[in-house]
Amino acid sequence: MGTVDRPRPAKKTAKNRRKSASSTNDPEFVQLLTPEGRRVDHPDYHLSLTDDEYRGLYRDLVISRELDAQGTALQRQGQLGLWPSMLGQEAAQIGSGRALKPKDTVFPAYRELGVQWVRGVDIISPFALFRGVDLGGRDVEADRFQIYSIVIASQTLHAAGYAMGVAKDGAVGDDGEAVIVYHGDGATSEGDFNEALIWAGVFNSPLVFFCQNNQYAISETNARQFRVPPYKRAEGFGLPGVRVDGNDVLACYAVSDSLLQRARSGEGPSLIEAYTYRMQPHTTSDDATRYRDEAELDYWRGKDPIARYRTWLEAESLADDDYFASVDSEASEHVLELRERVMNLSDPDVTEMFDSVYADVPPSLEAERAEAVAFRASLDEGSES
Ligand SMILES: Cc1ncc(C[n+]2csc(CCOP(=O)(O)OP(=O)(O)O)c2C)c(N)n1
Ligand SMILES: [Mg+2]
């Protein structure tokens, strides 16, 4: 394991007693870039990208952060019903997302804006969902990015089933494909997650579990979820488990690349725990000041994934001020375009919720559909008179 990064012990006040959680975990993880922006080596995980690729990671980090910030702003301005921010988790998402190949399939939870960005998914989709004008269904053929799962850990079972299918179709081996499922630390307490590990293990499926341990399941700390960190649990299911510095984009890339490749070639599933921190409340509906304090946030600000990466790019002369300024202005353009698109999203037709459910629509559902159409029309008549 690389550099040991020990979280600062929490102050022993009554308010903070619960969050000493992280100090009970083994904090060792794979790290290639320290919080100060110093490159370090790891015996098992290496990364060698082109200069353009290194710069591209910075661009991904910054643009996805700005788009995410717009989610929070739009919710505060009354334009979205809810926004689950990924602030602080960009390196985990960009690093793992960039290690994916086009043929791989992603099963997200509900906070994976960064993965969507690198995957080339139309970025409007989570905004439409949280504006309440989209039901979340999507055609996954082109980008292989499955639907958001709000039901905690349910996507781990969807992914396990899908990955079994990939293996049974013989789509592993040379030029094989992998499946990655994103989930949180809280999800590890669910039966679904543990069942998914069993199925993936015994069928040796090409599935990578990517746990973003942001240290909170809403207000509950790691101490309320597990006695040993998730990556260690993998061994009991017969798979390798690796803990990576989730705020280090290079380490997240290297570890994901290695374990995805392992899956693609038919060597089976694995579990990555990206140790990171949720800088925003759980969602815009949550008040995190009720269960964590400013000192903890300050500590994690010092581990910011983008600041350390920029420091390193500068030190290596891989990017200069002009480059950073061009990324900022590109990010602003994306944000403006996104805002405009969000404001102009149209309301769905009332019949949309009945579509794409059954190939042959049963009579009872046809009747409900007709009732909904008539009800909708009656509202329009009422507003005209
Ligand atoms: C089956 C289920 N139980 C409870 C909830 C309510 N809930 C929504 S988010 C959440 C916490 C999830 O925490 P974690 O898995 O760590 O993901 P994070 O939100 O931190 O990304 C809970 C309990 C839910 N959505 N689904
Ligand atoms: Mg969490």
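**Helix H3.** H3 covers residues 90–98 and is mostly covered, with nine of its nine residues buried. Helices (H or I, at least four residues) and strands (E, at least two) are DSSP runs, numbered from the N terminus.

**Basis.** I note that this is a predicted model, in which local features need pLDDT of at least 70 and side-chain atom pairs count only at pLDDT 80 or more, while totals for chains, interfaces and linings use all residues. Residues are numbered from 1 along each chain as its sequence is written, and chains are lettered from A and ligands numbered from 1 in the order in which they are written.

**Strand E3.** I next examined E3 (residues 207–213), where seven of the seven residues are buried, so the strand is largely enclosed by the rest of the structure. Leu207, Phe209, Cys211 and Asn213 point one way, and Val208, Phe210 and Gln212 point the other way.

**Pairing of E3.** I checked its partners, taking strands as paired if DSSP finds at least two bridges between them. E2 (residues 179–184) runs parallel to E3 and is joined to it by six bridges, with Val181 opposite Phe209. From E2 the chain passes through helix H7 (residues 191–202) to E3 in a right-handed β-α-β crossover (clockwise from the first strand over the helix to the second, with the strands pointing away from the viewer). Six bridges also join E3 to the parallel strand E7 (residues 270–275), where Asn213 has Tyr275 as its bridge partner.

**Strand E7.** I found both faces of E7 covered: Ser270, Ile272 and Ala274 on one side, and Leu271, Glu273 and Tyr275 on the other, are buried. E6 (residues 241–245) pairs with E7 in the parallel sense over five bridges, and Asp245 is bridged to Tyr275. The chain crosses from E6 through H9 to E7, again right-handed.

**Core.** Of its 83 residues, Ile180, Leu207, Val208, Ala251, Val255 and Ile272 touch the most other members. Helix H9 (residues 249–264) gives the largest share, ten residues.

Note on methods: A residue is buried if 20 or more other C-beta atoms lie within 10 Å of its own, exposed if 12 or fewer, and partly exposed in between; C-beta atoms are placed from the backbone. A nonpolar core is a set of buried Ala, Val, Leu, Ile, Met, Phe, Trp, Tyr and Cys residues joined through C-beta atoms within 7 Å.
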